[in-house]
Number of protein chains: 4
Amino acid sequence: MVERMLIDGNEAAARGAIVAGCEGYFGYPITPQSEITEYMSREMPRLDRVFCQSQSELGSIYMLFGGAMSGKRSMTSTSGCGFALMAEGISYISASECPCVIVDVARMGPGIGTGGQGGQTDYRFATKAPGHGGHRCIVLAPWSPQETFDQVQEAFHLAEKYGIVVIVLSDFITGRMAEPVDLKTLDFGPRIAPRVVICGTGKKNGQKAMPNTGSGAAYHLKQREKYRKIADAETRYETYLAEDANFLIAAYGSSARMAKSAVDLARAEGLKVGLFRPISVWPFPTKELREVALQAGEVLVVEDSIGEFLDDVELALQGRVPLHLLGAWGRHDETGGGIIHQERILQEVKSLV
Amino acid sequence: MVERMLIDGNEAAARGAIVAGCEGYFGYPITPQSEITEYMSREMPRLDRVFCQSQSELGSIYMLFGGAMSGKRSMTSTSGCGFALMAEGISYISASECPCVIVDVARMGPGIGTGGQGGQTDYRFATKAPGHGGHRCIVLAPWSPQETFDQVQEAFHLAEKYGIVVIVLSDFITGRMAEPVDLKTLDFGPRIAPRVVICGTGKKNGQKAMPNTGSGAAYHLKQREKYRKIADAETRYETYLAEDANFLIAAYGSSARMAKSAVDLARAEGLKVGLFRPISVWPFPTKELREVALQAGEVLVVEDSIGEFLDDVELALQGRVPLHLLGAWGRHDETGGGIIHQERILQEVKSLV
Amino acid sequence: MVERMLIDGNEAAARGAIVAGCEGYFGYPITPQSEITEYMSREMPRLDRVFCQSQSELGSIYMLFGGAMSGKRSMTSTSGCGFALMAEGISYISASECPCVIVDVARMGPGIGTGGQGGQTDYRFATKAPGHGGHRCIVLAPWSPQETFDQVQEAFHLAEKYGIVVIVLSDFITGRMAEPVDLKTLDFGPRIAPRVVICGTGKKNGQKAMPNTGSGAAYHLKQREKYRKIADAETRYETYLAEDANFLIAAYGSSARMAKSAVDLARAEGLKVGLFRPISVWPFPTKELREVALQAGEVLVVEDSIGEFLDDVELALQGRVPLHLLGAWGRHDETGGGIIHQERILQEVKSLV
Amino acid sequence: MVERMLIDGNEAAARGAIVAGCEGYFGYPITPQSEITEYMSREMPRLDRVFCQSQSELGSIYMLFGGAMSGKRSMTSTSGCGFALMAEGISYISASECPCVIVDVARMGPGIGTGGQGGQTDYRFATKAPGHGGHRCIVLAPWSPQETFDQVQEAFHLAEKYGIVVIVLSDFITGRMAEPVDLKTLDFGPRIAPRVVICGTGKKNGQKAMPNTGSGAAYHLKQREKYRKIADAETRYETYLAEDANFLIAAYGSSARMAKSAVDLARAEGLKVGLFRPISVWPFPTKELREVALQAGEVLVVEDSIGEFLDDVELALQGRVPLHLLGAWGRHDETGGGIIHQERILQEVKSLV
């Protein structure tokens, strides 16, 4: 029987890592994800696994690389500024194709931003360019503690399956919101042996003695093929009441939670509104969204920023469907806090329909 | 009379900064841009201006912030890994709206990549997400030493006009290629007084005593308006033999140089090929490219990566025109070096036409 | 039955720490002590204890502080430059009275010095001023792998007994010389509960929630009393054929090994030469040396530097006995390498007698 | 005519550096010396000289090295923790024999200590072991703003004369006490050309292209000779009413100021008390103090610590004269603040006489 427990998204991320067999956690506290670091600092040693608080996020990312290079499932978690400090390291790891997991619980940026409140402004950094070099990371965007728990588990699997960095892009609300979570360990089959392992000098069991860290055209061609495979196999999304909808809301993460409630409110008033929620934001469900959107005929993007997720929706829609944005100005408090509530979304829908 | 001198793109960047009145340069050597740092280390002190070699690129970016906050025209230059190390700082500066100039002479990434050869893999990082937070930097992409010299000058003007970070995105070939350059100081009118200046305690002349470094919804709404103004006023591009073309090459930077030669070769063979070159890559000339591309009917993107610039072209084309890519695999040497030569581009064009 | 094994001084230091119950090792490789770091990196995880390689020696010393503050037996090891980088941290730890153990395997300094050869130039730094603030560390100076093994064990005991940093001051020769070592775990009675432990907020079991890191006059008075107790109880030395000697050699560490052989050579020639070897160099056996030296009537200091240990001997002798120095110039190779051999010492003795 | 101005010791240090032709100042603010950093930040640029605030004291010391290696008169200033962070750098510089000046305005240590109050606990670190390696720095200890102004000037001269680091060891009271200062530029003759200058590749004008940073026996023998010359030529001290004294106070820096007043008070009561004040604390006036002390017959050391300066006095006295210490416990406030007042010293004298 699966244990069910009331926990928030941050604890879910930590617990997900532990049941997934994460053997090394390296992190530095930063709001609103410090609960993950705290949980791991307490639980990892109890399990005879490695917890190390770094000197800064620079240390975290390079220790993460070290952990992964040693063949162990390794993770860090961070937010905003800390995530940006990892840019060079993420790029470096990507050159090596080492499997690593990063949980980013987004806070409002740029700069130090506002740690204590919502915001979805890490989207473009995570999905487009976490570091120089044109590499890609798989980016999963949970909208609940349960999904956070599950995605962190899957992140380790995907990281090893493809030799890639996987980012679980949570946010303030998802991280701090508590809900009942089924603590079920997911089964992704036998663990894929890491292909890149430091093993002193020479090769061992066909493994490389040193990871690749340079990156020429051959590297890029290999990635191109890999990215295609990932796009084919790992694109995730879900719809809600979209089948008969004549108006579609597109949203991810905590904004999608609010949007789903707005759909319910709209339906209660007889409005045929539906929701499209990407679960993987890279790879992005471009074709899937296009199809659903063309059917609905009009799209409203809801995101707690001024248009980052919007770019991907626009690329999907190809100008063939009217596209609107309800961004950070939809918050009930523009001075830095707040959230875009379901009523505000409904109001926007009504003004457009 | 304007002095004319044979210099490479890196020296052109340094000289451009000096004639633009750059009063503080902060940098750390990294191939292939170290010539800029060297030039500044020698010339800035001679002019009683500040040169400071930082402990690392982390130091560079925060010193750049300090220089800009003091109301002085300030610049750094870097490449690849160094650029990524600046991510948090660029984000931090963007939150403050301090005017700063960064010259990035791209090398192949990700990771340490290959410093001694070409590559255009900093595109996505520079144009989409130099740091967390969803902010934007103006990104200019020179294709010659002359344009580098001119754009660096304009970069200081634009940075102050909009309160933004301006990136001059050069690359290995443009930086190391020598051509005659007219050393003409450009006139952008009277300098715009910096709005953000550290002046001890309290306000002075309407200036803020401390820059803003937090960023709530109000900040983002202000940026949204600013970004629109920039897109309206500062979008730059040029075309070459595109008027009657039935096949269009889209390229930027050094790849556009090769593409232009390929257009000449194609025209010599009677093929109606044209070129579209964005000069500003953010803001991107989306509508302008769409118009030219629709007229030509088919587009080939040439870029020395596996599809970063391609994303922006795809967004412009909206699926309405066949789109092809000649990427890093077009190099004559896939092991890490090389360049996509004009003959290779011509060959690709012919295979498509 | 005690296990006996042929190991060098560095391995002896690592093994000593492990049998003493060291639960956390934090270090950064530096010649000639890297064998300790390597050994600990391999063995500590096997024992479910903490090994962490730091970003630099700055990281090592502050992690050591963290380990000690958590109530665990903690150690670092280093040499020369790395030891100097720890100065502020050692001072900081000393203000807190946290028990810590540092093994310094001296290399020639100052600066980067010569890592691959002998030298006893860390003496003054270790015994007089490892950091600002006038605090003291207990400094033990082994002259063999066996003594290294034993002293590292005792170091943990002394550190906790007095709430002090204990330095085991080995050197290149002692660290790299292999001899049979009895791997006997020493018994110092029940472990003394650490008085300074981070335990969240508030006090627990009479322990402080936060270590003291300030240091006023009250702190210094407390230390003064502590230092007196240590001097009374922990001063260690040994003599060799000193009873009837009319000429005394004073030396510590590897130089004392050579000096002992020189004594044997001298005795074989009928010269009444003896040896005085401080085992603790802080506290220094001042009175004990004075007594032995007054009886012998003449003293030769042998040390592989130009007079650091000499200062302490001079303070002991009070100008009442002729004092000579055979320093680094006694090496068979003045260009940076070498060692002061027994024949050279004998020659010096003969020229003085 | 010499300008006379009421300034404190910190401003005197900064002004002394400027009139001495200091061309580069590199520092990081720390109480109680931040006034020096502030003054230099304002005045150096006005004079077209270099001011650079470092990222931390680690940066300061290595930039100081860089400035000195370029042949320019260079200085840093710091206190307590910052001084300790420089240990490796001071050692490194000493290996190169580059001339550098460090002003240390002591605060109470160890650790972060108490920045806002007195304390003379940097004595042992400065005079015995500022870094590993057994090198020496000349250490001058001013007791007034005037002497600070003069000694900083002389420090540059001595640093170049001997190729050594010169430390001006001020303290909280001397640094913050304001007195009229004659702002006279001292004349030490023509500047001695720096022997160690980075000049690209190869040698120039007999200068080395790269400083020596290794250190073998040959280096140490050279230093030994140098240290002897310095001891012969640069030992400084002064006495006050010591000729007929039958009780001698030995003190340095601000404690000597208090002691001098105590001597006046004692004399007013008919007590034949005198003062011996070392001005250079390395080299220490060992023989001079011995002579004066033997004549007086009894010595009281006054220092705001628990016995660092005492060691040097003890070495001088050779146990031939009764020796007492009035240390930090003589402060009117043992909790961390205070100063050892003249009345307290007088009381101690009376209790001993």
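Hi everyone. Chain A and chain D make no contact with each other, and their closest C-alpha atoms are 15 Å apart. Chains B and C are likewise without a contact, with 15 Å between their closest C-alpha atoms. Please keep in mind that we are looking at a predicted model.

Let's turn to a pair of copies, chains A and B. Chain A superposes on chain B by a rotation of 180° with 0.0 Å of shift along the axis, and the RMSD is 0.0 Å. The two copies are thus related as by a two-fold rotation axis. Both use the same surface, since 100% of the contact residues of chain A recur in chain B. Which residue of chain A comes closest to the rotation axis? That is A:Gln318, whose C-alpha lies 2.1 Å from the axis.

Now to a strand in chain A. Strand β5, residues 100-106, is mostly covered, with seven of its seven residues buried. In a regular strand, side chains alternate between the two faces of the sheet. On one side of β5(A) we find A:Cys100, A:Ile102, A:Asp104 and A:Ala106, on the other A:Val101, A:Val103 and A:Val105, and all of these are buried.

What does β5(A) pair with? Strand β4 of chain A, residues 74-78, runs parallel to β5(A) and is joined to it by four bridges. One of the partners to look at is A:Ile102, which is bridged to A:Thr76. Strand β7 of chain A, residues 165-171, is also parallel to β5(A), and here there are seven bridges. In that pairing, A:Val101 has A:Val166 as its bridge partner.

Let me move to chain D. Here an open sheet of five strands runs in the order β9-β11-β10-β13-β14, with mixed pairing. Strands β9 (237-240) and β14 (323-326) stand at the edges with a single partner strand each, so one side of each has no neighbour in the sheet. On average, neighbouring strands of this sheet are turned by 20° against each other, direction ignored. Inside the sheet, β10(D), residues 247-250, and β13(D), residues 299-302, run parallel and share three bridges. D:Ile249 stands opposite D:Leu300 in β13(D). Helix α13(D), residues 342-352, lies across β10, β11, β13 and β14 of chain D, at about 150° to β14(D).

Finally, the rings. Over all chains, the whole structure holds 36 aromatic pairs. One of them is A:Tyr237 with A:Phe276, which is stacked, with 5.0 Å centre to centre and 10° between the planes. A:Tyr237 is in strand β9(A) and A:Phe276 in strand β11(A), so to speak distant parts of the chain, 39 residues apart.

B:Phe83 is in helix α4(B) and B:Phe125 in helix α6(B), so the pair ties together parts 42 residues apart in sequence. Both B:Phe83 and B:Phe125 are buried.

Back in chain A, A:Tyr123, A:Tyr252, A:Phe284 and A:Phe309 make up one aromatic cluster. And in chain B, B:Trp143 has B:Arg257 over its face at 6.0 Å from the ring centre, while the charged end of B:Arg277 sits over the ring at 3.9 Å from the centre.

Notes
Residues numbered from 1 in each chain as written. Chains lettered and ligands numbered in written order. Predicted model: local features only at pLDDT ≥ 70, side-chain atom pairs only at ≥ 80, totals over all residues. Heavy atoms only, no water. Buried < 20%, exposed > 50% of the residue type's maximum accessible area, 1.4 Å probe, protein only. Helix = DSSP H or I, 4+ residues; strand = E, 2+ residues; numbered from the N terminus. Pairing = 2+ DSSP bridges. Axes fitted to C-alpha atoms, helices over the stretch in contact; angles between N-to-C directions. Contact = heavy atoms within 4.5 Å. Least-squares fit on C-alpha atoms with pLDDT ≥ 70 in both. Phe/Tyr/Trp six-rings, centres within 6.5 Å; stacked < 30°, edge-to-face > 60°. Lys NZ or Arg CZ within 6 Å of the ring centre and 35° of its normal.
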